[in-house]
Amino acid sequence: QVQLVESGGGLVQAGGSLRLSCAASGSIIDINAMGWYRQAPGKQRELVATLTSGGSTNYAGSVKGRFTISKDNAKNTVYLQMNDLKPEDTAVYYCDAAIRTTAVPRLYDYWGQGTQVTVSS
């Protein structure tokens, strides 16, 4: 069983910063990639940023230059540093990870419960 626990969301004024964290726990063999997605009210879930085990990153165009994804392998934790936040960044942010476990020894996508980020103008 794998759990992804997110934290760090909240209310911030435009131009402010937040740092999201997502910690994976369970009978983990390895983590292939971790990432962040977001879903605003009435919209589809969209990719924000991903980070592979090899260190390659991918960002949505709307967050490039403002958001930075990073990870701590020892803690099985991925972070999303969000700077210069805009009202259009308001959404529920979800952590995603492709993980191999002792129970499921093939890569499988796991999702966190989501954390709300609200940016006021």
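These legends describe views of a predicted model of a protein. Local features require pLDDT of at least 70 and side-chain atom pairs count only at pLDDT 80 or more, while totals for chains, interfaces and linings use all residues. Numbering starts from 1 along each chain as its sequence is written, and side-chain values use heavy atoms, with hydrogens and water left out.

**View 1. The fold consists of 11 strands and 0 helices.** Strands (E, at least two residues) and helices (H or I, at least four) are DSSP runs numbered from the N terminus. The radius of gyration, 14 Å, is close to the 14 Å from the globule rule for 121 residues, so the protein is as compact as a globular protein of that length. This radius is taken over C-alpha atoms, and the rule is 2.2 Å times the number of residues to the power 0.38. The C-alpha trace spans about 45 × 25 × 25 Å along its principal axes.

**View 2. A disulfide joins Cys22 to Cys95.** It is the 1 disulfide of the structure, with an S to S distance of 2.1 Å (a disulfide is a pair of cysteine sulfur atoms within 2.5 Å). Cys22 belongs to strand 3 (residues 18-26) and Cys95 to strand 9 (residues 91-101), so the pair ties together parts that are 73 residues apart in sequence. The S-S torsion is about -80 degrees, so the disulfide is left-handed.

**View 3. Cys22 is buried, and Cys95 is buried.** The relative accessible area of Cys22 is 0%; for Cys95 the value is 0%. Buried means under 20% relative accessible area (1.4 Å probe, protein chains only). Of the 121 residues of the protein, 40% count as buried.

Methods: Buried means under 20% relative accessible area, exposed over 50%, partly exposed in between (1.4 Å probe, protein chains only).
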